[in-house]
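Please read this note with the model open beside you. The points below run from overall shape to single residues.

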Amino acid sequence: TIAVPTDRLLLATKGDFALNDSHSLFFEGTYAATKTKTRLEPFALDSANVYQASGGLVPAEFLVNGVKVKNPIVPAFLYSQAIDRDGDGLKDYNFTRRLSDVDVRSAKADRDTVRVVAGLKGELSKVWSYDTYLGFGQTKDNQYSTGQVNILNFRNALEAIPDVNDLNNNGSTTDAICRDAEARAQGCVPINVFGADSISKAAAAYVNAPGFLSQKVQQKFAGVNVNGEPFENWAGPVGFAFGAEYRKESSSDVADALTQAGLNAGNARPITEGSFDVKEAFAEVRMPLLKNLALVKTLDATAAVRAGKYSTVGNVTSWNAGLDWAVNSMFRVRFTSAVSTRAPNIGELYQGASQTFPSVADPCDGVTAAATDARSVACKADPSVAANIAANGGVFTLNQADLQGTSGYDRGNPNLKAEKGRSNTLGMVITPKAIPLLKNFTFTADYYDIKITDAISTPGRQYQLDQCYGGGNTTFCSDITRRKTAVGSNSVGSIEFVDQTNANTG
């Protein structure tokens, strides 16, 4: 589908009920539901998705009781041209194929959002007003997909042998059966990936793996605000505001079991779920300092502070203070200094180990047995790197499969601290109302100086590698996994995983 069909249902409502001249109840409600359904091009499966350890090499023959047996689903011409490329003494091949004859590739999403807020607002006196509120909001999103496959079943279905002993009891000793007895007991059917519409309905049913993803975000909150101008000084009324708020936020992201394990030809997507709550209180003041003087039409000072206690990061405090100076009706200058905080969100805290395939350069590539620099010494301290150097004539050597075979996982970190920012802002506002041509214009110019500490980020995989090997910070070495032995087409010592965890790094 070029344009995705979308059905939407929207509802909004609000109401007010006056209790008396000073107090009233209020209510707000919104609801939105969206449904989409689309078809995509057939899923493209590479044999490397099925045989990751061997770099996509599929067996064209097997050893059965010490005798080489041809995989009967492999065409004779391909078998005659195939060679052993992974060193196990058996012929192999690789393939890429659109799975148009497994299932239609489609996606459907059902999402709904609801938000309700109720409260009480009014006047406490001639100079004080208030509002209180209680609310709930939630978004749910369910996604369904078809057209992908179960990698474990697909591998079992590719590994076929002749049924010379009629193990399937169908009276034939020339048909193909799945090599693994346990897989046969679970309904395995050999799959023929060669040619258009070559996959049988039974084989398609065996490998088919519809997907599901359920996401939910929820917020509960309550608060009270009070504001007023209780008195005046020599320059005008002094304004105050203060209040408190409670929030609880939770979210979850749960895929089907195959998707969680990365067994449906896609990256692994484990469960991410968690929650936190926070109690906050704030106070603000606006104090007029000068008024109607030479070069000072008005000069006001502002200050605010907000203190919070998070269930995750503990106590945090934000504040700001500033001056607002109106030179005259045309020129105004403003200055603010502030400290702000941001607590980590649920994804940053609790994200499950999500798989990715990054592009990185191995710092050990090209290291020789005789090299004595810090990087080379750090590389050779790893036994698997030393084994690679020994196996390749004294030089650490990577092949194409090694260069493209690095994976890794991104993880949340429940021990994160809040980010803190310090900012200073100086600005000027010009409103040239005395000039007829420009009377409706406002011109502003601002200067910002912002510094952030403990910024939540990931260090970067290349940075981790460079620090581990001669960079001076070996703590990153724990995130790096090298292959201890040669696996399939991947060399001993090549990088298998470089993991990343959220941290207060910036």
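Numbered comments on the model follow.

1. Ground rules. This is a predicted model, in which local features need pLDDT of at least 70, side-chain atom pairs count only at pLDDT 80 or more, and totals for chains, interfaces and linings use all residues. Residues are numbered from 1 along each chain as its sequence is written, and side-chain values use heavy atoms, with hydrogens and water left out.

2. Overall shape. The C-alpha trace spans about 105 × 65 × 50 Å along its principal axes. The chain has a radius of gyration of 33 Å, whereas a compact globule of 506 residues would have one near 23 Å. That radius is taken over C-alpha atoms, and the globule rule is 2.2 Å times the number of residues to the power 0.38. Buried residues make up 37% of the 506 residues. Here buried means under 20% relative accessible area, exposed means over 50%, and partly exposed lies in between (1.4 Å probe, protein chains only).

3. Secondary structure. The chain has 11 helices and 27 strands. These are DSSP runs numbered from the N terminus: helices are H or I with at least four residues, strands are E with at least two.

4. Strand β13. This strand covers residues 211-233 and holds K220. E229 is also placed in β13. K220 is partly exposed, with a relative accessible area of 40%. E229 counts as partly exposed too, at 48% relative accessibility.

5. Patches are made of residues with over 30% relative accessible area and no salt bridge; like charges are joined within 9 Å, and nonpolar side chains (Val, Leu, Ile, Met, Phe, Trp, Tyr) within 5 Å.

6. Nonpolar patch. L323, F335, L426 and Y447 make a nonpolar surface patch of about 400 Å². Areas come from the Shrake-Rupley method with a 1.4 Å probe; for residues, only the protein chains shown count as cover. F335 sits in strand β18 (residues 331-342). F335 is partly exposed, at a relative accessible area of 34%.

7. Salt bridges overall. How many salt bridges does a search of the whole structure find? The search finds 26. The criterion is a side-chain nitrogen of Lys or Arg within 4 Å of a carboxyl oxygen of Asp or Glu.

8. A buried pair. R97 and D101 form a salt bridge, with the closest N and O atoms 2.8 Å apart. R97 is buried, with a relative accessible area of 10%. D101 is buried as well, at 15%.

9. A link between strands. E419 and R342 meet through their side chains in a salt bridge (3.0 Å, N to O). E419 lies in strand β21 (residues 419-430) and R342 in strand β18, so the pair ties together parts 77 residues apart in sequence. E419 counts as buried, at 13% relative accessibility. R342 counts as partly exposed, at 31%.

10. A salt-bridge network. Shared partners join E245, R247, E249, E280 and R306 into one network of salt bridges. Within this group, the side chains of E249 and R247 meet at 3.9 Å, N to O. E249 counts as partly exposed, at 24% relative accessibility. R247 is buried, with a relative accessible area of 16%.

11. Positive phi values. N292 has phi near 55°, a positive value in a residue other than glycine. N292 is placed in strand β15 (residues 272-293) and is exposed, with a relative accessible area of 60%. D454 has phi near 60°, again a positive value in a residue other than glycine. D454 lies in the loop between β22 (443-453) and β23 (456-457). D454 counts as partly exposed, at 28% relative accessibility.

12. Strand β2. L25 is found in this strand, which covers residues 23-39. Is L25 buried or partly exposed? L25 is partly exposed, with a relative accessible area of 37%. The C-alpha atoms of L25 and F282 are separated by 24 Å, and the two residues are 257 apart along the chain.
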